[in-house]
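Subject: Structure handover

Hello,

Here is the structure you are taking over. Please open it first, then read the notes below.

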Amino acid sequence: MKSRGSLLAGMTALVIAAVVAPSAAARPLSPPAAVGADPVVTGLKYPAAFTFAPDGRIFYGERLTGKIRIYDPSNGSNTLFFTITNVSIIGEQGLLGLAIHPRYPARPLVYAYATRNVNGSLKDQIISVRDSGGTGISPRVIWSSDTTAGDYHDGGRILFGPGRRLYAIQGEAHDERNAQDLTNDAGKILRMTDSGAIPPDNPFPGSRIWAYGVRNSYGFNFDPLTLNLWETENGPECNDELNFISKGANDGWGPSQTCSTPPPPPQNTNQDGPSPVLPQVWFTPTIAPVGMAFCVGCGIPQSEGTFFFGAYNTSDIWQVSLSADRKTITSDVVVYTHSGAPLSMERGPDSAVYFSDSAGIWKLVQA
């Protein structure tokens with residue numbers, strides 16, 4: 001399929017066709033927002049992940065080098081913070097996710113998700129690094145995958161959510177069976193404490209698993225207005241997804257997946273395990289949805305309360321509107337086409353929406 005590893009080889013963009021679940025009744029925004037993008041910093045080396053300190057400094061990770069750097073928009077400085085060692089960059093691997101502790105700088109911890117060579121075995125790991133005056137010290141692995149990392153489908157998004165819990169997505173390591181196997185973390189959305197421990201209120205006792213039946217995802221975010229969790233997901237040759245994620249839910253990816261019919265889409269890719277939850281919106285041909293972020297005070301007219309997400313295959317930014325209870329998608333439309341493929345997306349401390357591409361970080365603005 002068009003997973004990010006193959007896309008890096010230069011796959012051409014696909015024609016978009018959004019197929020919408022009948023219950024979602026999604027339709028184009030009327031009228032759509034007028035959106036553009038202003039550069040924040042360019043000339044970077046594949047910043048696949050970035051995040052903000054409360055003072056506006058941007059921590060970003062170079063996927064192919066393992067370096068975490070700090071860009072300060074106030075003075076234009078760009079300094080090395082820390083290098084994650086032994087990073088593997090086969091296929092979709094590398095330094096894939098970054099997050100900052102919600103109590104930073106009182107708790108000056110920066111978290112990185114990376115695929116690493118650990119004593120000859122490839123593992124997806126989350127490492128916490130202490131910020132000592134702009135330099136990273138005392139790295140500590142707080143989570144390590146219990147399966148061998150795949151060349152593809154490593155996920156990598158990490159983000160602190162409600163209750164200061166750390167959420168992460170690990171892809172199913174190119175093995176559909178993992179997604180339905182509750183004895184390992186692959187193909188799952190994980191939830192843990194800031195030290196990597198298992199919270200007692202997780203849905204599966206003794207497990208970091210929050211939701212399962214996941215193929216591979218580069219994007220999720222919490223709605224600031226409700227704290228509901230939304231996720232973008234890459235399908236095979238069909239059915240890229242936008243998902244509402246509930247505690248303990250099964251998104252249905254597994255060994256019975258197919259792009260053939262019957263059953264009709266999206267049941268054909270979401271039919272494994274008990275009570276599979278179907279995506280609210282799916283896309284065939286695929287668009288490779290990646291990072292996403294909500295506009296709450298983002299300053300773009302006709303966008304308040306919506307969320308944006310990037311499409312790697314087409315270089316597009318989509319805008320999505322929600323129902324009054326904010327649990328259902330009511331519209332989705334392309335509002336901007338970028339000069340390159342988007343990667344991560346974040347809401348900054350100024351409430352604006354930012355995204356990265358292979359060479360820089362950009363801010364969404366009114367066109």
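In which loop does Glu-92 lie? Glu-92 sits in the loop between strand 6 (77-83) and strand 7 (95-100). Before going further, please keep in mind that this is a predicted model.

**Glu-92**

Is Glu-92 buried or exposed? Glu-92 has a relative accessible area of 3%. The cut-off for buried is under 20%, so Glu-92 counts as buried. Its side chain has two partners to look at. One is a backbone atom: the side chain of Glu-92 reaches the backbone nitrogen of His-153 at 2.7 Å. The other is a side chain: Glu-92 makes a polar contact with that of Tyr-218, at 3.2 Å.

**Disulfides**

How many disulfides does a search of the whole structure find? The search finds two. A disulfide is a covalent bond between the sulfur atoms of two cysteines.

Take Cys-238 and Cys-259. Their sulfur atoms are 2.1 Å apart, and the two form a disulfide. The torsion about this S-S bond is about -90°, so the disulfide is left-handed. Cys-238 is in the loop between strand 16 (229-233) and strand 17 (240-245), while Cys-259 is in the loop between strand 17 and strand 18 (281-283), so the bond ties together parts that are 21 residues apart in sequence. The burial of the two cysteines is worth checking. Cys-238 is buried, at 5% relative accessible area. Cys-259 is partly exposed, at 32% relative accessibility.

Now the other bond. Cys-295 is joined to Cys-298, with 2.0 Å from S to S. The torsion about the S-S bond of Cys-295 and Cys-298 is about -80°, so this disulfide is left-handed. Cys-295 and Cys-298 are both buried.

What is the pairing when the bonded cysteines of the chain are numbered in sequence order? The pairing is 1-2, 3-4.

The order is 19-20-21-22, and the pairing is antiparallel. Strand 19 (289-294) and strand 22 (329-337) are the edge strands, each pairing on one side only. From one strand to the next, the twist averages 25°. As background, strands of a sheet pair through backbone hydrogen bonds, either parallel or antiparallel.

Here are the details of two of the pairings. Strand 19 pairs with strand 20 (residues 307-311) over four bridges, in the antiparallel sense. Phe-294 stands opposite Phe-307, which is in strand 20. Strand 21 (residues 316-322) pairs with strand 22 over seven bridges, again antiparallel. Val-320 has Asp-332, in strand 22, as its bridge partner. The hairpin of strand 21 and strand 22 has six residues between the strands. In that hairpin, Arg-326 takes a positive phi near 60°.

**Aromatic pairs**

How many aromatic pairs does the structure hold? There are 16. One of them is Trp-230 with Phe-307. The ring centres of Trp-230 and Phe-307 are 5.9 Å apart and the planes are at 45°, so the pair is tilted. The pair links distant parts of the chain: Trp-230 is in strand 16 and Phe-307 is in strand 20, 77 residues apart. Trp-230 is buried, with a relative accessible area of 0%. Phe-307 is buried too, at 1%.

There is also an aromatic cluster to see. Tyr-167, Trp-210, Phe-220 and Phe-222 form one cluster.

**Val-353**

Last stop: where is Val-353? Val-353 belongs to strand 24 (residues 353-356). Its relative accessibility is 1%, so Val-353 counts as buried. What is Val-353 in contact with, leaving aside its neighbours within four places in sequence? Its contacts include Cys-295 and Cys-298, the two cysteines joined by a disulfide. Phe-294 is also among them, the residue that stands opposite Phe-307. Others include Ala-293, Phe-308, Met-345 and Glu-346. Trp-362, Lys-363 and Leu-364 are in contact with Val-353 as well.

Best wishes

Methods
Residues numbered from 1 in each chain as written. Predicted model: local features only at pLDDT ≥ 70, side-chain atom pairs only at ≥ 80, totals over all residues. Heavy atoms only, no water. Disulfide = S-S within 2.5 Å. Helix = DSSP H or I, 4+ residues; strand = E, 2+ residues; numbered from the N terminus. Buried < 20%, exposed > 50% of the residue type's maximum accessible area, 1.4 Å probe, protein only. Pairing = 2+ DSSP bridges. Axes fitted to C-alpha atoms, helices over the stretch in contact; angles between N-to-C directions. Polar contact = N/O pair within 3.5 Å; in protein donor to acceptor, adjacent residues only side chain to side chain. Contact = heavy atoms within 4.5 Å. Phe/Tyr/Trp six-rings, centres within 6.5 Å; stacked < 30°, edge-to-face > 60°.
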